[in-house]
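Thanks, everyone. Let's go through the salt bridges and the core. Here is the model.

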Amino acid sequence: MDRTRIVVGANGSGGSIAAVRWAAAEARLRDTDLRIVVAYQRPEGQQENAGIVHAAVAAARAVAPAIEVRGVAMPGYAVPVLLHAAEEAALLVVGDQGRGGMFGAPADSVGKQVATQARCSVVVVRGDPTATAARSWSASTTMPPTR
């Protein structure tokens, strides 16, 4: 179990590349590894998925060349795939704009759903991937103990 790992969802959109870059910078600061996850539903899109993984890994390595970066494409809808990938992670990062129907959910709902269902803290990165600093908001479903 690696409770320090950061998991980031990618789908090829500009918002997801911004999330990958933010997650890579955070992994560099935390001195931990980064796992990039691409969810897909159409097996015939395998070449496209491989390209998305490759581009996301390259973007992460450009920001943080010293960290371990792994990318994987997994079959399924984005929300359950990301939640599963982040079960043992310290942080799950997603972009604020997706590609909509590709993952079977409206583009903006993936961030909302994982923010309320994840076992770890979640960061939704907002902003232009070419900007020097993306804006973000975070949510955690971890509640302090009650007395």
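Start with R30. R30 is partly exposed, at a relative accessible area of 40%. Buried here means under 20% relative accessible area, exposed over 50%, partly exposed in between, with a 1.4 Å probe and protein chains only.

A word on the source. This is a predicted model: local features need pLDDT of at least 70, side-chain atom pairs count only at pLDDT 80 or more, and totals for chains, interfaces and linings use all residues. Residues are numbered from 1 along each chain as its sequence is written, and side-chain values use heavy atoms, leaving out hydrogens and water.

Back to R30. R30 forms a salt bridge with E26, closest N and O atoms 2.8 Å apart. The term means a side-chain nitrogen of Lys or Arg within 4 Å of a carboxyl oxygen of Asp or Glu. Both residues sit in helix α1, four residues apart, about one turn. Helices (H or I, at least four residues) and strands (E, at least two) are DSSP runs, numbered from the N terminus. E26 is buried, at 17%.

The whole structure has three salt bridges. Another joins R5 and D33, at 3.2 Å, N to O. R5 precedes β1, D33 lies in the loop between α1 and β2, and 28 residues separate them. R5 is buried at 19%, D33 at 14%.

Now the core. Which residues have the most contacts inside the largest nonpolar core? V8, V20, L34, I36 and V93, in a core of 26 residues. Such a core is a set of buried Ala, Val, Leu, Ile, Met, Phe, Trp, Tyr and Cys residues joined through side-chain atoms within 4.5 Å. α1 gives the most, seven residues.
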